[in-house]
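I opened my notebook today to look up a few backbone and packing details. Here is what I went through, entry by entry.

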Amino acid sequence: MSAHTLVGLAGSFNRPSKTFALVENVASLAREKYGFDNTIYDLADVGPSLGQALRRDDLDSRAKDIIDDIVNADVLVIGAPTYKGSYPGLFKHLIDLIDPHELRAKPIVITATGGGDRHALVVEHQLRPLFGFFMSHTLPTAIYASDRDFTGYRVSSEPLSKRIEDVIRELSAFFPARHQALIAAE
């Protein structure tokens with residue numbers, strides 16, 4: 001059975017980043033359960049051409065390759081840090097450079113991080129509608145994590161871990177044969 005690809009995108013320039021750590025945690029569990037080939041990026045990987053690009057053709061080759069990986073992935077794990085109640089502008093700019101048909105029907109796990117509970121609805125009021133426009137399949141369970149859900153840059157909260165397990169199970173609707181094959185191999 002050939003491996004499906006999972007691309008994680010953390011919409012942050014910061015390194016280390018709790019957003020990257022969350023995306024990486026979700027992606028790692030998905031890889032364990034479904035055998036995905038994972039690649040994870042953040043905005044620092046996309047690089048400085050993003051801020052200067054008016055069109056996708058204006059990006060440097062590295063940034064173009066990352067967008068190609070995003071649109072060609074079988075599943076996405078998207079993470080955004082919350083700034084002033086929404087996702088960062090350069091994260092949105094990257095998404096704006098993707099043609100809507102390129103994410104149509106793609107399963108997407110949406111995640112976000114923030115300093116506290118005030119921003120928890122960013123996943124429902126910002127990220128879900130954004131990817132709804134692309135006609136993507138955002139999984140029913142969205143993941144929001146606040147600073148208290150981490151120890152350093154590692155997920156340490158039991159309720160957060162439970163939500164992550166829930167969304168990983170939801171992926172089986174898109175990869176049932178892979179899920180069954182891995183169960184049979186256990």
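I count two residues as in contact when they have heavy atoms within 4.5 Å. I also remind myself that this is a predicted model.

Entry 1: Which residues does F91 touch, leaving aside its neighbours within four places in sequence? I found L9, G11, L43, I78, G79, A80, L127, L130 and F131 in contact with F91.

**Entry 2: the cores.** I then turned to the largest nonpolar core, which has 35 residues. Inside this core, I70, F91, L127 and F131 have the most contacts. I listed the elements that give two or more residues to this core: strand 1, helix 2 (43-46), helix 4 (61-72), strand 3, helix 5, strand 4 (107-114) and helix 6. Another core, of 24 residues, lies apart from it, and I noted L22, V23, V75 and V77 among its members.

**Entry 3: helix 1.** I traced helix 1 over residues 18-34, a run of 17 residues. From its first C-alpha to its last, helix 1 reaches 24 Å, close to the 24 Å expected at 1.5 Å a residue. At the N-terminal end I found a cap: a side-chain oxygen of S17 lies 3.1 Å from the backbone nitrogen of T19. Which residues of helix 1 are buried? My list reads T19, A21, L22, V23, V26, A27, S28, A30 and Y34. Of these, L22 and V23 also turned up in the core of 24 residues. Just after helix 1, I saw G35 with a positive phi of about 75 degrees.

- The peptide bond from R15 to P16 is cis, and I read its omega as near -5 degrees. I placed P16 in the loop between strand 1 (5-10) and helix 1.
- K84 is not a glycine, yet its phi is positive, at about 50 degrees. I located K84 in the loop between strand 3 (75-81) and helix 5 (89-96). Is K84 buried or exposed? I call K84 exposed because its relative accessibility is 86%, and the cut-off for exposed is over 50%.
- M135, also a residue other than glycine, has a positive phi near 60 degrees. I found M135 in the loop between helix 6 (122-133) and strand 5 (137-138). With a relative accessible area of 44%, M135 goes into my notes as partly exposed.

Note on methods:
Residues are numbered from 1 along each chain as its sequence is written. This is a predicted model: local features need pLDDT of at least 70, side-chain atom pairs count only at pLDDT 80 or more; totals for chains, interfaces and linings use all residues. Side-chain values use heavy atoms; hydrogens and water are left out. Helices (H or I, at least four residues) and strands (E, at least two) are DSSP runs, numbered from the N terminus. The expected span of a helix is 1.5 Å times one less than its number of residues. Buried means under 20% relative accessible area, exposed over 50%, partly exposed in between (1.4 Å probe, protein chains only). A polar contact is a pair of N or O atoms within 3.5 Å; within protein, one must be able to donate a hydrogen and the other to accept it, and residues adjacent in sequence count only if both atoms are side-chain atoms. A nonpolar core is a set of buried Ala, Val, Leu, Ile, Met, Phe, Trp, Tyr and Cys residues joined through side-chain atoms within 4.5 Å.
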